[in-house]
Amino acid sequence: MTSFTLNGADVILDLPDHATLLHALRGPLGLSSPRFGCGAEQCGSCMVLLDGKPAYACALGMDAVAGRKIVTVEGLGSDGAPHSLQAAFVAEQAGQCGYCLSGMLISAAALLAANPDPDEDAIRTAMEPHLCRCGSHNRIIRAIRRAAREMAA
Amino acid sequence: MSHGFGAALKVDDGKPRLPGSLHLNRRLSQWLHVRADGVVEVKPGKVELGQGILTALAQIAADELDVAPERIRIISVVTPDSPDEAVTSGSLSVQDSGSAIRHASADARRIFLSVAAQRSGVAFEAVTVTDGDFIGPHGKIGSYWQFGDAGLLEVEASPEARAKPMEARRLVGISAPRRDLPGKLHGAPAYVHDLRLPGMLHARIIRPNARGAVLEALADGPLPGDARLVRDGNFLAVLASTEWDAEAAATRIATRAQWQEAVTLPEQAQLADWLRDAATRGERKVTEERDADIPAAVHRLKRSFHRPYLAHASIGPSCAVARFDGDRVEVFSHTQGPYNLRTDIAKTLRCAPEKVIVRHMEGAGCYGHNGADDVALEAVLIARAAEGKPVRLLWSRADELGWAPFSPAMLVDIEASAAADGSLLGWHAEVISNGHSGRPGRSPVPTLLAASQLAEPFPVQPSINPPLAAGGGAERNAIPGYRIPKLHVATTRLLDMPIRTSALRGLGATLNVWAVESVMDEMAALVGEDPLTYRLRHLDDARGRAVLEKVAGMAGWQGRETREGFGFGIAYARYKNTGAYAAVIAEVEARERIFCRRLWIAGDCGEVVNPDGAANQLEGGAIHGASIALVEEVRFDRQRITSDSWESFPILRFSEVPKVDVALINRPEAPFLGAGEASLAPTIAAIAGGIHAALGARPRQLPFSAENIAKAG
């Protein structure tokens with residue numbers, strides 16, 4: 001049995017050792033935002049917040065999350081009350097296919113929590129673990145800067 | 001019947017010409033359904049690939065019908081109900097589908113309005129439409145919704161219908177936000193990957209450990225949970241109730257399988273030699289021939305250019321869900337061509353196409369013929385063993401980078417000659433490549449991966465090139481857009497196909513545009529002329545000149561600084577020589593390797609439906625091009641593809657991605673030209689020019705790695 005907090009709610013699961021947090025989130029927990037991209041910590045599609053820090057859900061075993069706090073995009077904001085980043089990504093139309101965006105939002109949220117006014121280099125560094133094939137990088141950078149401005153306002 | 005290369009290829013069937021794909025799908029009800037509850041269903045045959053096409057098509061329909069965009073509901077493609085628009089490819093979606101929907105909507109508006117006018121006794125000309133309400137001189141006389149579900153659209157489209165004049169358009173030409181983005185940013189299910197059906201099982205594939213390997217033995221042993229093996233010849237898969245058990249079982253079975261390997265791949269280090277050798281057994285065709293009496297040349301250049309195999313490398317691996325109901329199978333797929341996929345699944349199962357229902361759902365971004373079709377057939381094959389339960393098959397990263405079709409390695413030899421003042425006189429180009437299309441639905445036998453691995457296998461056919469009228473494949477953009485009196489361009493399609501090849505964004509243009517532009521740069525240098533000036537004086541097409549002049553202004557080309565280690569390059573192409581125009585300037589920094597720091601793009605996509613969407617496509621295509629230019633290369637040994645992870649097949653990351661400025665020259669009076677592919681090849685060419693400006697070397701081989709530049713001339 002593993003218990004942890006997911007988007008503020010307590011969760012108890014009984015999964016075998018070979019199940020990952022990503023399997024749990026997309027399977028029994030029914031979430032769609034954490035996405036499978038590589039299973040090897042190389043693309044960032046599955047990124048979630050683990051006690052506030054970005055972590056690859058594809059590489060976390062259930063043991064590793066026992067007693068921890070997990071936040072996914074579903075926990076960042078809602079349609080009615082979006083996180084500043086979600087609103088900023090819409091405002092900048094920062095995406096094409098959108099498959100990578102959940103992970104991007106997670107790392108961006110962690111960045112802004114640690115550094116409310118990141119410059120472009122800091123943003124690029126924070127987003128380095130994330131791959132985007134559609135070429136939305138510059139829009140994503142602009143969206144993160146916009147969110148930072150709006151959170152400071 | 002669909003020819004499968006997009007409706008932009010004109011079909012002469014004697015019927016009155018209708019715009020775009022409406023010509024082959026002529027009933028209005030195939031495209032539009034007006035509902036009594038105030039919703040208009042629009043049913044394109046093109047699919048969302050991440051390019052934002054559904055947003056653009058909704059704008060076109062809403063504008064032409066005069067309804068609020070919120071009333072438009074786009075119905076994703078499902079066979080056999082949706083119009084057959086063949087494949088969503090070639091930057092043709094707005095041309096094919098947008099033109100059809102515009103005309104169908106205009107015709108629908110006319111039909112509804114006529115009925116309302118007749119019933120109310122108001123003259124047709126006196127009625128206007130406001131968000132679907134029909135307004136006469138004395139107020140509302142009716143609405144679309146009043147006649148919704150009434151079957152008024154069960155007619156053939158009239159060739160006489162006229163779309164609104166350009167100045168009356170309100171929703172086309174504005175940057176409407178993407179309809180799909182908010183959901184995707186809130187974790188809503190969006191992709192076929194997110195489909196969850198009751199009782200759904202999970203599957204994974206166990207690939208042969210070499211290309212063409214034959215399964216010799218498979219040791220028995222326990223599998224986790226309820227996982228079980230599904231096998232048909234060399235096609236091996238596992239099926240389990242959970243993803244974790246399916247994955248763990250696939251890993252275990254891989255260690256128990258013994259494969260008889262074969263040496264089937266060329267020596268990568270001698271790939272260019274292999275291409276030349278295979279060309280002696282290939283099929284050579286003259287692509288274009290122009291004869292002229294030309295004076296004796298003063299300047300001559302003979303150059304060769306080479307590129308490796310390229311991978312699609314979508315961020316999400318291919319995925320499909322399939323379910324049998326008796327002898328009928330339904331498959332949820334992110335295919336680009338639902339009808340073509342249906343054809344090849346039916347051929348593989350040896351059943352009638354009507355027994356196969358393909359439902360399109362989005363996948364991760366698609367840049368050509370990737371694993372989407374292959375995974376769909378595999379899901380179907382596995383679902384045969386699932387007793388009617390739905391089966392979700394997800395490819396691994398190694399499946400995606402190692403087994404999806406690749407864009408073929410290519411070689412082009414160019415000989416160009418010019419007069420003393422640099423004026424081009426002659427041009428001879430020989431393109432060598434495997435075919436750029438192995439898409440399903442076009443060959444007598446299925447082209448899908450698993451079809452050749454079954455116990456009763458189908459033979460693998462060498463891939464083909466789309467006809468030049470559809471833009472060509474290997475020969476795409478091999479004919480320079482510049483004024484050259486004497487010209488001979490030929491293309492040799494290889495019939496040996498050690499690595500399965502198919503379409504990737506740009507097809508042959510990725511190499512041909514760079515090759516042409518590199519020769520232009522070098523010829524300009526021979527006569528001491530600026531690369532921009534040299535291009536402009538050989539370019540008769542005013543729209544081509546306009547994008548070059550525009551981009552030069554944006555980047556300050558004439559006043560560009562010379563900085564140690566930096567260089568600027570400029571390049572131009574009209575995609576397929578018939579599509580969108582793009583000119584690109586790249587700023588390159590040469591350090592221990594090459595970085596592209598900035599890109600400026602000027603594009604002319606004809607009439608622009610959604611300027612921000614088009615700019616997004618041009619920018620994304622350019623970053624894709626920069627990634628191909630600098631780092632991308634499929635690697636292999638003699639048995640297998642070895643670049644099957646993001647470490648071994650890197651793409652540009654945030655720290656390496658250039659800043660991009662895009663300007664569009666909107667031509668609302670001109671036909672749609674597409675946007676998705678126009679900037680990619682010119683970006684590669686501009687980066688090559690920048691490398692020469694920074695280092696004095698002209699690269700001859702992609703990617704522009706330190707190693708390949710060291711071989712440069």
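Good morning. I begin with B:Ala379, which touches B:Ala203, B:Ala320, B:Val321, B:Ala322, B:Val331, B:Val391 and B:Leu393, leaving aside residues up to four places away in sequence; contact here requires C-beta atoms, placed from the backbone, within 7 Å. This is a predicted model, in which local features need pLDDT of at least 70 and side-chain atom pairs pLDDT 80 or more, while totals for chains, interfaces and linings use all residues. Residues are numbered from 1 along each chain as its sequence is written, and chains are lettered from A in the order in which they are written.

B:Ala379 and B:Val584 have the most contacts inside the largest nonpolar core, which has 267 residues. Such a core joins buried Ala, Val, Leu, Ile, Met, Phe, Trp, Tyr and Cys residues through C-beta atoms within 7 Å; buried means 20 or more other C-beta atoms within 10 Å of a residue's own. This core draws at least three residues from each of domain 1 (2–75) and domain 2 (84–152) of chain A, with bounds from an automatic or database domain assignment.

Between those two domains, the centres, taken over C-alpha atoms, are 21 Å apart. Domain 1 of chain A gives 14 residues to their contact and domain 2 of chain A gives 13.

How many residues does each chain bring to the contact between chains? Chain A brings 46 and chain B brings 49.

Finally, helix H2 of chain B, residues 93–120, has 28 residues; helices are DSSP runs (H or I, at least four residues), numbered from the N terminus. Because 20 of its 28 residues are buried, H2(B) is largely enclosed by the rest of the structure. B:Gly121, with a positive phi near 75°, follows H2(B).

Note on methods. A residue is buried if 20 or more other C-beta atoms lie within 10 Å of its own, exposed if 12 or fewer, and partly exposed in between; C-beta atoms are placed from the backbone. Two residues are in contact if their C-beta atoms, placed from the backbone, lie within 7 Å. Helices (H or I, at least four residues) and strands (E, at least two) are DSSP runs, numbered from the N terminus. The expected span of a helix is 1.5 Å times one less than its number of residues.
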